[in-house]
Amino acid sequence: MSLADLRREYALGGLRRADLDPNPIAQFKKWFAQAETALAKNQLDVNAATLATADKNGIPSVRIVLLKGLDERGFIFFTNYDSRKGYELAENPNAALNFFWPELERQVGIAGAVEKISRAESEKYFHSRPRGSQLAAWASDQSAAVKDREVLEAKWRELEKKFPGEVPTPPNWGGFALQPKRIEFWQGRPSRLHDRFSYTRQADGFWRIERLSP
């Protein structure tokens with residue numbers, strides 16, 4: 001089958017203006033809880049999202065990150081600050097996240113600016129991670145070229161001996177919070193007449209809700 005012939009019909013449900021919470025964070029949490037239930041049996045990464053960034057020249061890059069927190073500051077994820085995304089966010093704090101839950105025929109897109117969260121909060125989350133992941137954060141110069149896998153594994157083993165007890169948080173590792181300025185909810189519908197609603201934060205802090213053409 002050719003790529004042009006790959007398609008599916010979306011028919012699980014619809015999304016009406018009356019269904020939406022006035023607060024997009026509350027609406028996201030509702031959809032996220034439904035996605036958790038739908039994806040639980042397959043142990044899929046319901047909190048996986050595509051993160052788009054761009055450097056100071058506007059050259060974009062994209063990758064998957066895991067959502068690890070959501071509060072009044074925004075959508076929180078963690079990374080090596082010296083990675084490509086870390087450097088790009090330092091040069092250009094504007095970013096976007098996109099969640100896609102095909103089992104529910106839903107997407108959520110979020111756009112805004114990021115800020116680093118506190119060192120204390122980053123350390124608290126780091127120490128909740130499995131020990132192997134903590135050591136990997138030290139072993140990996142994320143986004144830098146490496147000769148081969150053996151170099152990584154050898155460095156990991158060295159660090160395992162160096163830190164026999166508690167693994168400290170690397171100084172260049174921590175969290176970002178993306179404060180949303182726009183959040184869009186997308187529900188697939190038959191014949192590509194999808195339901196799309198956009199929340200846009202206003203100067204007074206309230207959110208304007210608009211239906212968008214699919």
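1. Terms for exposure come first. A residue is buried under 20% relative accessible area, exposed over 50%, and partly exposed in between (1.4 Å probe, protein chains only). By that scale Leu-3 is exposed, with a relative accessible area of 73%.

2. Basis of the note. This is a predicted model, in which local features need pLDDT of at least 70 and side-chain atom pairs count only at pLDDT 80 or more, while totals for chains, interfaces and linings use all residues. Residues are numbered from 1 along each chain as its sequence is written, and side-chain values use heavy atoms, with hydrogens and water left out.

3. Overall layout. The chain has five helices and nine strands. Helices (H or I, at least four residues) and strands (E, at least two) are DSSP runs, numbered from the N terminus. Along the sequence the order is α-β-β-β-β-α-β-β-α-α-α-β-β-β. The C-alpha atoms fill a box of roughly 55 × 50 × 35 Å along the principal axes. Of the 214 residues, 37% count as buried.

4. Leu-3 sits in the segment before helix H1 (24-39). Together with Met-1 and Leu-6, Leu-3 makes a nonpolar surface patch of about 440 Å². Patch members have over 30% relative accessible area and no salt bridge; like charges are joined within 9 Å, nonpolar side chains (Val, Leu, Ile, Met, Phe, Trp, Tyr) within 5 Å. Areas come from the Shrake-Rupley method with a 1.4 Å probe, and for residues only the protein chains shown count as cover.

5. Strand E1 and its partners. Two strands pair if DSSP finds at least two bridges between them. E1 (residues 48-54) pairs with E2 (residues 60-66) in the antiparallel sense over seven bridges. Thr-53 has Ser-61 of E2 as its bridge partner. The hairpin of E1 and E2 has five residues between the strands, and Gly-58 takes a positive phi near 85 degrees there. E1 also pairs with E5 (residues 94-101), antiparallel, over three bridges. Here Thr-50 stands opposite Asn-98 of E5.

6. Helix H5. Its expected span is 1.5 Å times one less than its number of residues. For the 14 residues of H5 (residues 149-162) that should be 20 Å, and the end C-alpha atoms are 20 Å apart, which agrees. At the start of H5, a side-chain oxygen of Asp-148 comes to within 3.2 Å of the backbone nitrogen of Glu-150.

7. Salt bridges, defined as a side-chain nitrogen of Lys or Arg within 4 Å of a carboxyl oxygen of Asp or Glu. The count comes to 14. In one of them, Glu-88 meets Arg-63 (3.9 Å, N to O). Glu-88 lies in helix H2 (residues 84-91) and Arg-63 in strand E2, so the pair ties together parts that are 25 residues apart in sequence. Glu-88 is buried, with a relative accessible area of 8%.

8. Salt bridges of the last strands. Arg-196 and Glu-184 meet at 2.6 Å, N to O. This pair links strand E8 (residues 195-201), which holds Arg-196, to strand E7 (residues 173-187), which holds Glu-184, 12 residues apart. Glu-184 is buried at 16% relative accessible area. Asp-195 meets Arg-211 at 2.8 Å, N to O. Asp-195 is in E8 and Arg-211 in strand E9 (residues 207-212), so this pair ties together parts 16 residues apart in sequence. Which end is buried, and which partly exposed? Asp-195 is buried at 5% relative accessibility, whereas Arg-211 is partly exposed at 49%.

How values were computed:
A polar contact is a pair of N or O atoms within 3.5 Å; within protein, one must be able to donate a hydrogen and the other to accept it, and residues adjacent in sequence count only if both atoms are side-chain atoms.
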